[in-house]
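Hi,

Here is the structure I said I'd pass on.

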Amino acid sequence: MELRRGVLVLAVLSRLQVPQYGYSLKQALAEGGMPVEEGTLYPLLRRLEAQGLLASEWDEDYAPPRRYYRLSREGKRAFAALSAAWRDQVRVMDGFLREETK
């Protein structure tokens, strides 16, 4: 459970390389193999925005209006750092798991 919670932040940041509104982000995550409930996603988006990692703006060309999220400059830096940390951890865990199968 804790692993998924931490990975969800990285997954959300990865999908916000292009601006998306909440439902499209939810769909993109599900299509990538990480379904997430709205009750989890929207509070996470608000928290990431409060931390300065995301910016949002309303698009009122739709009914109802859609709030689009995108990575802020700080969010892009955080995504790069988290991605590197993730790759390092995957490498380490792959080594551990290979040792177990011997």
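Predicted model: local features only at pLDDT ≥ 70, side-chain atom pairs only at ≥ 80, totals over all residues.

Residues are numbered from 1 along each chain as its sequence is written, and side-chain values use heavy atoms, leaving out hydrogens and water.

The protein chain has a mean pLDDT (the predictor's confidence in each residue, from 0 to 100) of 94, with 97% of its residues at 70 or more. Helices here are DSSP runs of H or I with at least four residues, strands are E runs of at least two, and both are numbered from the N terminus.

Now for α1 (residues 2-15): its 14 residues reach 20 Å from first C-alpha to last, close to the 20 Å expected at 1.5 Å a residue (that is, 1.5 Å times one less than the number of residues). Its buried residues include Val-7, Leu-10 and Ser-14; buried means under 20% relative accessible area, exposed over 50%, partly exposed in between (1.4 Å probe, protein chains only). The buried residues of α1 pack against α2 (22-31), α3 (38-50), β2, β3 and α4.

Over in helix α4 (residues 73-100) you'll find Val-90, which is partly exposed at 33% relative accessible area.

One last thing: the peptide bond from Ala-63 to Pro-64 is cis, with omega near 0°. Pro-64 is in the loop between β2 (54-59) and β3 (66-71).

Cheers

Methods
Contact = heavy atoms within 4.5 Å.
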